Amino acid sequence: MIFKGSHILSTDQFERADVERIFEVAAEMRPYAQRKRITRVLSGAILGNMFFEPSTRTRISFGCAFNLLGGEVRETTEVKASSLAKGESLHDTARVLSGYSDIIVMRHPEVGSVAEFAEASRVPVINGGDGPNEHPSQALLDLYTVKQEMSARGRDIDGLRIALIGDLKNGRAVHSLCKLLGLFSGVQFKLVSPPQLEAPMAIVSELLGKGHKVEVCHELEEGIHHVDILYVTRTQEERFESQEEADQYRGLFRVNQSIYTEHCEPNTVIMHPLPRDSRSAAKELDDDLNQNPNLAIFRQTDNGVLVRMALFALILDVAEEVHNHAQPVTWYTAKRKPNLP
Amino acid sequence: MIFKGSHILSTDQFERADVERIFEVAAEMRPYAQRKRITRVLSGAILGNMFFEPSTRTRISFGCAFNLLGGEVRETTEVKASSLAKGESLHDTARVLSGYSDIIVMRHPEVGSVAEFAEASRVPVINGGDGPNEHPSQALLDLYTVKQEMSARGRDIDGLRIALIGDLKNGRAVHSLCKLLGLFSGVQFKLVSPPQLEAPMAIVSELLGKGHKVEVCHELEEGIHHVDILYVTRTQEERFESQEEADQYRGLFRVNQSIYTEHCEPNTVIMHPLPRDSRSAAKELDDDLNQNPNLAIFRQTDNGVLVRMALFALILDVAEEVHNHAQPVTWYTAKRKPNLP
Amino acid sequence: MIFKGSHILSTDQFERADVERIFEVAAEMRPYAQRKRITRVLSGAILGNMFFEPSTRTRISFGCAFNLLGGEVRETTEVKASSLAKGESLHDTARVLSGYSDIIVMRHPEVGSVAEFAEASRVPVINGGDGPNEHPSQALLDLYTVKQEMSARGRDIDGLRIALIGDLKNGRAVHSLCKLLGLFSGVQFKLVSPPQLEAPMAIVSELLGKGHKVEVCHELEEGIHHVDILYVTRTQEERFESQEEADQYRGLFRVNQSIYTEHCEPNTVIMHPLPRDSRSAAKELDDDLNQNPNLAIFRQTDNGVLVRMALFALILDVAEEVHNHAQPVTWYTAKRKPNLP
């Protein structure tokens with residue numbers, strides 16, 4: 001794809017070269033995100049950060065990424081605050097809101113809504129999540145983390161062995177990560193879930209069709225052997241028909257330090273799209289792993305800022321200009337670097 | 001009026017010369033809103049964007065207008081987030097909040113609330129809508145659009161023929177637009193509504209008293225003949241005593257392409273204060289007009305940014321300084337210009 | 001304490017010298033808050049303004065303070081918009097959100113939540129209120145106002161005579177102010193409340209232990225004699241077990257102009273942490289005092305901006321640099337100065 005002026009709606013848009021270009025720019029954003037220096041390259045630009053569904057983490061991450069490039073952010077955070085409630089079409093909302101900003105990030109509970117919005121928008125739109133469907137920046141930050149963690153171990157994404165664990169049926173993040181990993185070669189997937197929450201057949205077929213190895217597995221201990229990365233997910237309780245149905249999967253697969261020590265290879269990376277459910281009945285990824293240097297979950301969210309900065313820079317065509325607007329940081333930056341793998 | 005430091009509370013404040021001065025400045029804002037260049041004239045200034053009633057479009061429009069001039073925006077979006085719930089008077093809220101910013105935009109559900117707030121405020125206040133009462137920036141953007149559309153046809157506001165269509169009883173936008181049009185000369189109004197939703201007598205009298213021509217009309221087809229502009233409005237359902245009462249007017253008057261082709265003069269401009277109700281039972285302005293170049297509804301909302309920039313610039317007395325702080329735009333501006341009339 | 005990089009969680013952190021250092025910097029912030037000049041010292045810095053409980057005043061005050069120093073603000077305003085609802089621990093929320101900004105202000109309904117959050121945060125955290133527990137910036141702005149008002153009368157905090165009036169049992173602001181006043185010498189406290197709403201014994205003991213004079217009093221008229229300052233508070237109705245229980249204290253102690261004239265010394269300062277309850281049944285501080293030049297309640301909230309700017313400047317270690325980034329104000333500043341005492 002050519003990024004300049006493009007909408008980012010789906011992981012289906014990307015070829016391997018696209019992903020690699022995004023990661024190249026993301027890596028260049030690190031000194032700005034870590035406050036080694038600041039840039040004002042987007043000074044005067046406005047992001048419309050349109051969240052028609054509750055979200056703190058993703059909304060703030062996009063907003064900060066734009067601020068880090070020097071731009072301003074205007075936001076909405078609730079569907080009820082919108083003209084949608086008065087019967088306005090997504091077409092009209094898009095035509096109106098796209099007159100106010102240079103680029104839009106949109107989250108909306110309905111599948112396909114963001115694509116419909118983008119159709120009518122006069123500025124580029126990034127899908128910040130359309131219900132259970134797509135959330136491409138999450139997939140990109142996950143894959144970027146895979147790349148960084150493997151790179152720190154002298155490895156690459158090609159030939160990766162990864163276990164995807166939990167609710168693989170409803171987990172949007174897992175589906176998108178599979179698609180992106182599929183662009184690389186010789187990946188070995190272990191799909192670890194209860195029988196009722198297996199990954200959709202279409203995803204398995206696609207991976208097999210591209211020559212990857214896929215192993216389906218219903219036991220946690222068996223699933224986490226001999227892999228480089230554990231990608232643990234919470235049960236997507238809000239996608240079940242009833243809380244009772246969701247409850248039967250709560251706490252079924254739990255990764256903690258003792259299981260990790262007993263069954264995983266040394267230095268197996270632990271990832272999770274977050275939030276993890278830390279209530280005592282759930283705990284799919286135990287807090288007792290917090291001191292484990294292989295726990296990459298907060299490096300993931302930090303990487304999210306880099307990836308989102310890269311998307312903004314590429315779409316608005318300033319990736320080459322970022323450093324020309326760089327300045328030193330003049331305040332005290334207390335931010336500790338996360339543990340490196 | 002003198003704009004410097006003034007509150008903008010009601011369309012009653014304006015003489016014709018005031019409106020023309022605002023439009024002069026609004027026109028100068030176009031290159032900034034269209035991203036031909038940026039200005040930092042209000043760098044360091046803070047807008048308090050105080051919305052005590054849900055609104056996305058108006059709130060974002062004001063916020064972006066302030067950002068486009070280089071200023072910062074602090075916001076509130078909900079009445080429940082406010083000390084008003086703890087029994088605080090509008091006087092106290094105004095005294096406190098006006099210590100935090102250089103100018104305030106306020107929306108509030110109660111008639112007269114914004115004027116009461118402004119009374120105690122130590123900084124200028126713009127009424128962003130006080131319930132069914134006033135919303136002066138909407139009236140100004142409507143009139144600015146009238147002027148621009150007529151100007152593109154080699155005409156002026158004087159001598160305009162306009163049909164106002166729909167719920168003329170409850171429509172705040174219609175009432176305010178009538179007042180502003182009344183400042184010009186020889187306007188011919190067609191007031192097209194169901195008998196129960198006619199415009200208030202006071203408005204008709206005022207227009208007649210100023211020498212304008214007013215024709216009341218209960219049939220859509222008859223009403224849209226021989227006019228320059230159709231100003232269509234939705235039924236203000238939230239102003240009715242019951243949903244049942246509101247429902248009987250839903251879908252009563254519908255402008256669509258075939259009616260337009262059959263009954264309107266060529267190039268009749270179509271306006272609407274938005275949001276339009278696109279649900280199948282309503283559709284007062286059909287989506288099949290979206291490709292009609294005379295549909296000015298999105299030019300209206302784009303003009304809203306210009307008018308709001310002009311108000312900020314005049315009140316804060318930087319209208320003459322905007323260009324001295326201008327800089328080139330350095331990012332890719334994908335924004336397509338709206339179709340010109 | 002050393003401010004650089006510190007969390008501000010509790011008034012217990014402060015020694016007298018700390019408070020005096022904050023006030024020194026706060027005083028230097030006045031020309032920026034009053035728009036005599038602007039500074040861009042924090043240009044490029046990001047505040048995470050995380051309010052997991054409704055608040056307009058405090059949130060906007062912190063946000064504006066950061067904007068006044070040149071920084072950007074990203075915000076959240078509602079607990080339901082958060083991953084906390086999906087079972088995420090405060091630890092995880094802190095680790096994630098602290099990757100997005102340079103400093104965080106957090107409000108949360110639970111006692112101790114902000115301290116727990118700060119523990120895991122990688123950037124400095126200011127407690128913006130954790131339920132009934134702590135709200136240190138409120139205490140600092142109150143004390144700064146005491147100092148300013150007394151200073152205008154040629155006096156100091158040492159030797160102050162202050163009446164604290166109202167719900168002294170539940171009033172967080174009163175408790176914190178007592179702690180800070182306790183750092184000074186020879187203060188005379190009159191604790192004026194209904195018998196059931198007396199200040200906690202621990203606070204009284206602490207003040208007595210430090211050599212201050214404390215008088216407990218159940219009659220308003222008696223309590224407001226012979227003091228320099230009245231610090232009036234509303235009944236903290238949300239802290240009672242039932243509305244009925246709260247109702248019996250509503251309107252019990254009311255300060256108004258005639259009581260003031262009859263019982264107070266001339267020029268007795270009137271303070272209140274705001275919001276005051278102006279509903280007819282409550283009115284603990286009557287609106288008829290609004291023209292009294294000794295009413296300092298809006299000077300308090302104005303001072304809040306100065307104190308918060310000072311905290312940001314000290315924590316981010318730019319207090320000495322503020323003036324080096326100063327620029328003239330180029331727009332019309334309508335802001336009237338509050339009446340001086």
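Because the model is predicted, local features are kept at pLDDT of at least 70 and side-chain atom pairs at pLDDT 80 or more, while totals for chains, interfaces and linings use all residues. Residues are numbered from 1 along each chain as its sequence is written, and chains are lettered from A, with ligands numbered from 1, in the order in which they are written.

Let's start with the sheet in chain B. Helices (H or I, at least four residues) and strands (E, at least two) are DSSP runs, numbered from the N terminus. Two strands are said to pair if DSSP finds at least two bridges between them. In general, strands of a sheet pair through backbone hydrogen bonds, either parallel or antiparallel. Here, four strands of chain B make an open sheet, in the order 3-2-4-5, with parallel pairing. Strand 3 (72–76) and strand 5 (125–130) of chain B sit at the edges, each pairing on one side only. On average, neighbouring strands of this sheet are turned by 15 degrees against each other, direction ignored; angles like this are taken between axes, which are lines fitted to C-alpha atoms (for helices over the stretch in contact), and run from 0 to 180 degrees between N-to-C directions.

Going strand by strand, strand 2 (residues 46–51) of chain B pairs with strand 3 of chain B over five bridges, in the parallel sense, and B:Ile46 has B:Glu72 in strand 3 of chain B as its bridge partner. Strand 2 of chain B is also joined to strand 4 of chain B by five bridges, again running parallel, with B:Gly48 standing opposite B:Ile104. Four bridges then link strand 4 of chain B to strand 5 of chain B in parallel, where B:Ile104 stands opposite B:Val125.

Strand 4 of chain B is well tucked in: six of its six residues are buried, so it is largely enclosed by the rest of the structure. A residue counts as buried if 20 or more other C-beta atoms lie within 10 Å of its own, as exposed if 12 or fewer do, and as partly exposed in between, with C-beta atoms placed from the backbone. B:Ile103, B:Val105 and B:Arg107 point one way from this strand, while B:Ile104, B:Met106 and B:His108 point the other way, and all are buried.

Now for a strand residue with a different setting. B:Gln327 lies in strand 11 (residues 326–328) of chain B, and it counts as exposed because it has 12 C-beta neighbours inside 10 Å. B:Gln327 and B:Arg37 are 290 residues apart along the chain, yet their C-alpha atoms are separated by 5.7 Å. Leaving aside residues up to four places away in sequence, B:Gln327 touches B:Arg37, B:Ile38 and B:Arg40; contact means that the C-beta atoms of two residues, placed from the backbone, lie within 7 Å.

On to the helices. Helix 5 (residues 136–152) of chain B has 17 residues and reaches 24 Å from its first C-alpha to its last, close to the 24 Å expected at 1.5 Å a residue; that expected span is 1.5 Å times one less than the number of residues. Of the 17 residues in helix 5 of chain B, 15 are buried, so this helix is largely enclosed by the rest of the structure. Just after helix 5 of chain B comes B:Gly154, with a positive phi of about 75 degrees. In chain A, helix 5 (residues 136–152) packs against helix 11 at an angle of about 115 degrees, with their axes 8 Å apart.

A few backbone spots stand out in the loops. The peptide bond from B:Leu274 to B:Pro275 is cis, with omega near -5 degrees, and B:Pro275 lies in the loop between strand 10 (269–271) and helix 11 (297–315) of chain B. C:Leu274 and C:Pro275 are joined by a cis peptide bond too, with omega about -5 degrees. A:Asp317, a residue other than glycine, has a positive phi near 60 degrees, and it counts as partly exposed because it has 17 C-beta neighbours inside 10 Å.

Finally, the contact between chains C and A takes 33 residues from chain C and 31 residues from chain A. Helix 3 of chain C gives the most to the side of chain C that touches chain A, with four residues.
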